[in-house]
Amino acid sequence: MKTIIRRTLQGWAVGAMSLGFAASVQAADLAENDGMNGTLWLQTSVEFKANALSTYRLAGLQLDAALADKSWTAVPGEQMGDYKAKPPAIILDVDETVLDNSVYQAWVVTQYKYYSGKTWGPFVNDVLSRPIPGSLDFIKMAHGKGVKIFYVTNRKAPLEDGTRKNLAKFGYPVDTSEDMVLTRGEKDEWKSSKKSPRRKHVAANYRVLMVFGDNFGDFVDGYKGSIAERQALYEKNDAMWGSKWYMIANPSYGSWESAAFGHNWRKPGAERRQMKHQALEAWAGVKK
Ligand SMILES: [Mg+2]
C-alpha cells in the first residue's frame with residue numbers, strides 16, 4: 001500500500017513539475033501536510049465564512065435575553081457567589097475565534113513546516129491577522145450595549161502588544177479602564193494553557209453572558225482528554241452550546257487533532273499520522 005501511495009505521489013510530483021509548479025515540492029512532504037484542506041477551507045471557502053457569520057449572528061439574537069435574565073451565566077463553574085447584580089461581560093478566545101491566522105497556517109502548509117514559537121511570534125508581530133467573519137459586528141454591538149469584552153488568549157504575554165495592535169487595526173473594542181486582553185503567563189497563576197483561572201478572574205467582577213472559542217479548551221479545562229473523554233464532556237455540557245457557548249469551526253489545528261495521538265507532539269510525525277488514521281471509523285466497503 002505504502003509503495004502504491006509513494007508511486008502515486010511521485011507521479012503527481014513529476015506531473016506538477018511539468019506544469020511549472022515549484023521544483024522543490026517533495027512527494028514525501030506532500031503526504032504529511034494534513035493541514036492543507038482545513039487551511040484551504042478556512043482561507044478560501046464561503047462555507048467557512050457563512051458558518052462563522054451564522055454563529056455570531058445567532059449569539060447576537062440571544063444577547064438581549066442574556067442581558068435581561070440576571071441568573072444567566074456562561075461560566076457556572078467559575079461564577080461564584082451572588083453574581084446577579086454584577087455588570088455583564090463576554091469572553092472570547094482570539095486565534096481562529098476573533099482573528100483569522102490562516103496566512104500563518106498557509107505558510108506552515110506550503111513550506112512543509114509545523115507550528116513553532118520561533119515563527120509564530122514574528123507572525124503575530126507582523127499584525128497580519130484578519131477578522132473572523134461576524135466577530136467584529138457582534139463584538140461592537142455587544143460593547144455598544146454596555147457589555148465588557150474580555151479577550152482570553154493562549155498567546156503568551158510577550159505577544160500582547162502585537163495582539164493589541166492587530167485588534168486595534170480593525171477597530172475591535174478594547175477598553176482601557178482595565179486589562180481586557182488576558183494572555184498566557186501574564187500572571188503567575190495564568191501560566192497554564194487551561195483558561196479557568198482567567199475565566200474566574202473575569203467572573204469575580206462580572207456576570208459572564210457568553211463564551212466564544214474555536215477549541216474545546218476555550219470552554220472547559222478537560223480538553224486534553226481522550227477522544228471518548230472529550231465526547232463525554234461535550235455531552236455533559238449539551239445545554240450550553242448555541243446559547244451560552246459558541247464554537248467557531250477550525251479544521252486547521254486544535255486539540256481535536258492531538259486527541260487522536262494522546263496530545264503527544266513528541267511522537268514522530270509518521271506515528272502521529274498513523275494514530276490519526278487508526279482513530280477513523282471506516283465503512284467495511286462493498287461486500288463481495
Ligand atoms: Mg483559538
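Count the secondary structure elements and you get 12 helices and seven strands in the chain. Keep in mind that what you're looking at is a predicted model. Of the 288 residues in the chain, 31% are buried.

Five strands make it up, it is open, the pairing is parallel, and the order reads β5-β4-β1-β6-β7. The edges belong to β5 and β7 (245-247); each has a single partner strand, so one side of each has no neighbour in the sheet. If you ignore direction, neighbouring strands are turned by 20° against each other on average.

Strand β4 (residues 148-156) runs parallel to β5 (residues 181-184), and three bridges join the two. Along this pairing, Val-152 sits opposite Leu-182 of β5, and Lys-156 sits opposite Arg-184 of β5. To get from β4 to β5, the chain passes through helix α8 (residues 160-170), making a β-α-β crossover that is right-handed. Helix α8 also packs on the sheet, where it touches β4 and β5, and its direction makes about 140° with that of β5.

On to the next pair: β1 (residues 88-92) and β4 are parallel partners over four bridges. Here Ala-89 faces Lys-148 of β4. How enclosed is β4 by the rest of the structure? Seven of its nine residues are buried, so β4 is largely enclosed.

What sits in the largest nonpolar core? That core has 41 residues, and the ones with the most contacts inside it are Ala-89, Ile-90, Ile-91, Val-208 and Met-210. The elements giving it two or more residues each are α4, β1, α7 (135-144), β4, α9 (196-203) and β6. Leaving aside neighbours within four places in sequence, Ala-89 is in contact with Val-147, Lys-148, Phe-150, Val-202, Tyr-206, Arg-207, Val-208 and Leu-209.

Last stop: helix α3 (residues 36-44), where Gly-38, Thr-39 and Leu-42 are buried. Why do these buried residues line one face of the helix? Looking down the axis of α3, they fall within an arc of 95°, so they end up lining one face. On the buried side, the packing partners are α4 (46-68), β2 (99-100) and α5 (102-110). Turn to the face pointing away from that buried side and you'll find the exposed residues Asn-37 and Thr-44.

Notes:
Residues numbered from 1 in each chain as written. Predicted model: local features only at pLDDT ≥ 70, side-chain atom pairs only at ≥ 80, totals over all residues. Buried ≥ 20, exposed ≤ 12 C-beta atoms within 10 Å, placed from the backbone. Arc of directions from axis to C-beta. Contact = placed C-beta atoms within 7 Å. Pairing = 2+ DSSP bridges. Right-handed = clockwise from strand over helix to strand, strands pointing away. Axes fitted to C-alpha atoms, helices over the stretch in contact; angles between N-to-C directions. Core = buried A, V, L, I, M, F, W, Y, C linked by C-beta atoms within 7 Å.
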